[in-house]
Amino acid sequence: MQHFWLIWVISVLCALGIIPIQFRTIRQQVQLQAEMHPASNSKVPPVPVMAALTMIQTCVILAIATAAGLWLLPATELRLFVLDHWSSGAALPFSMQSFWAASLGSGIAVGLVVKWLDRFFFQPHMTAKRGKEPISSRLLGVLSSFYGGFCEEVLMRLGVMTVIVFLAQKLGLADTAYWLGIGVAALAFACAHLPANFMTYGKGKVVTLWTLLLNGIMGILFGCLFWQYGLEAAIISHFSADIVLHVIFKKSRK
């Protein structure tokens, strides 16, 4: 359970950074709900209350994912290579040059690939937007990148992937356990983006495929990095990809 407080506190701080995005998202959900079911609008709690409850829930889930992941890491041979190296002098199975090249390079590359696929294959077929995008500016894009890079990796890779790998290894699946963990975590990561995209574009086959495919590609990459280079590499790669998608190529909207 070494590093629990460090990882959890940083993840909570990153989660707090997206409060403005949560306010916009919750307010939009309330508005859409009111349009669809006007009679139920009076039963909805105030937006600040819903945002506070959401943040508390997020902090609790992050604590569970962090604790479960760190507890099971030794049994799975998944590691926090760089953090262990800096804190206790543990040997690294790779050079720091290769670590940074794999982390930053893969994040930038997958961000560019996903942006290209989105622009040329999906956007021409997307339905008209039902609502405003929660990430409406580059500043919110930066805050979202910290949340995605740290919080989502703690939840999906340290949490979900580690648990799946542990259970699969107990079933005797050996190296197949890692691929199963990578796949399940990537699918969970992609599915977690469906509600927000449905809220913006509405439900449809194109929106569903767009969400699952593009996020699935990134999820598989981050899982492979966690396996080979440690959670830190997955965090850096995810952050870099989000900076490409939500900051560099972001068109600010009011």
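**Helices, a pocket and selected contacts**

Glu77 is placed in the loop between helix H3 (47–76) and H4. The structure is a predicted model. In this model Glu77 has a positive phi of about 70°, although Glu77 is not a glycine. With a relative accessibility of 57%, Glu77 counts as exposed, because the cut-off for this class is over 50%. A second residue with a positive phi is Ala174, where the angle is near 55° and the residue is again other than glycine. Ala174 belongs to the loop between helix H6 (138–170) and helix H7 (176–191).

Helix H1 spans residues 4–16 and has 13 residues. From its first C-alpha to its last, H1 reaches 18 Å, which is close to the 18 Å expected at 1.5 Å a residue. The buried residues in H1 are Phe4, Ile7, Ser11, Val12, Cys14 and Ala15. These residues lie on the same side of H1, because they cover an arc of only 160° around the axis. An α-helix has 3.6 residues a turn, so residues three or four places apart point the same way. On the other side of H1, Trp5 and Leu13 are exposed.

One of the buried residues of H1, Ala15, is in contact with Thr58. Thr58 is part of helix H3 and also contacts Gln22, when its neighbours within four places in sequence are left aside. Thr58 has a relative accessibility of 13% and therefore counts as buried, the limit for that class being under 20%.

Helix H5 (96–122) has 27 residues and reaches 37 Å from its first C-alpha to its last, close to the 39 Å expected at 1.5 Å a residue. The buried residues of H5 are Phe99, Ala102, Ser103, Ser106, Gly107, Val110, Gly111, Val114, Leu117, Asp118 and Phe122. They pack against H4, helix H9 (205–229) and H10.

Contacts of single residues illustrate this packing. Ala241, in helix H10, counts as buried because its relative accessibility is 0%. Leaving out residues up to four places away in sequence, Ala241 touches Gly107, Val110, Gly111, Met218 and Phe222. Gly107, Val110 and Gly111 are among the buried residues of H5. The C-alpha atoms of Ala241 and Arg138 are separated by 14 Å, and the two residues are 103 residues apart along the chain.

Leu221 lies in helix H9 and is partly exposed because its relative accessibility is 22%. Apart from neighbours within four places in sequence, Leu221 is in contact with Ser106, Val110 and Ser237. Leu221 and Ala68 are 153 residues apart along the chain, and their C-alpha atoms are separated by 22 Å.

His238 is also placed in helix H10. At 1% relative accessibility, His238 counts as buried. Its contacts, not counting residues up to four places away in sequence, are Gly148, Gly149, Glu152, Glu153, Phe189 and Phe222.

In helix H7, the residue examined was Ala185. Ala185 is buried, with a relative accessible area of 0%. When residues up to four places away in sequence are not counted, Ala185 touches Met156, Arg157, Val160 and Met161. The C-alpha atoms of Ala185 and Arg119 are separated by 26 Å, with the two residues 66 residues apart along the chain.

The second largest pocket has a volume of about 320 Å³. Its lining consists of 14 residues, and Leu83, Trp86, Phe150, Glu232 and Ile235 lie nearest the centre of the pocket. Two or more lining residues come from each of H1, helix H4 (81–88), helix H5 (96–122) and helix H10 (231–248). The most is given by H10, with four residues. By class, the lining has 13 nonpolar residues, no polar residues and one charged residue. Glu232, one of the residues nearest the centre, belongs to the charged class.

Conventions. Residues are numbered from 1 along each chain as its sequence is written. This is a predicted model: local features need pLDDT of at least 70, side-chain atom pairs count only at pLDDT 80 or more; totals for chains, interfaces and linings use all residues. Side-chain values use heavy atoms; hydrogens and water are left out. The expected span of a helix is 1.5 Å times one less than its number of residues. Buried means under 20% relative accessible area, exposed over 50%, partly exposed in between (1.4 Å probe, protein chains only). The arc is that of the directions from the helix axis to the C-beta atoms. On a 1 Å grid over the protein atoms alone, a cavity is a set of points where a 1.4 Å probe fits but cannot get out, and a pocket is an open set with protein on both sides within 12 Å along at least five of seven lines; lining residues have an atom within 4 Å of a point. Grid points are joined across faces, edges and corners, and a volume is the space filled by probe spheres set on the points. Contact means heavy atoms within 4.5 Å.
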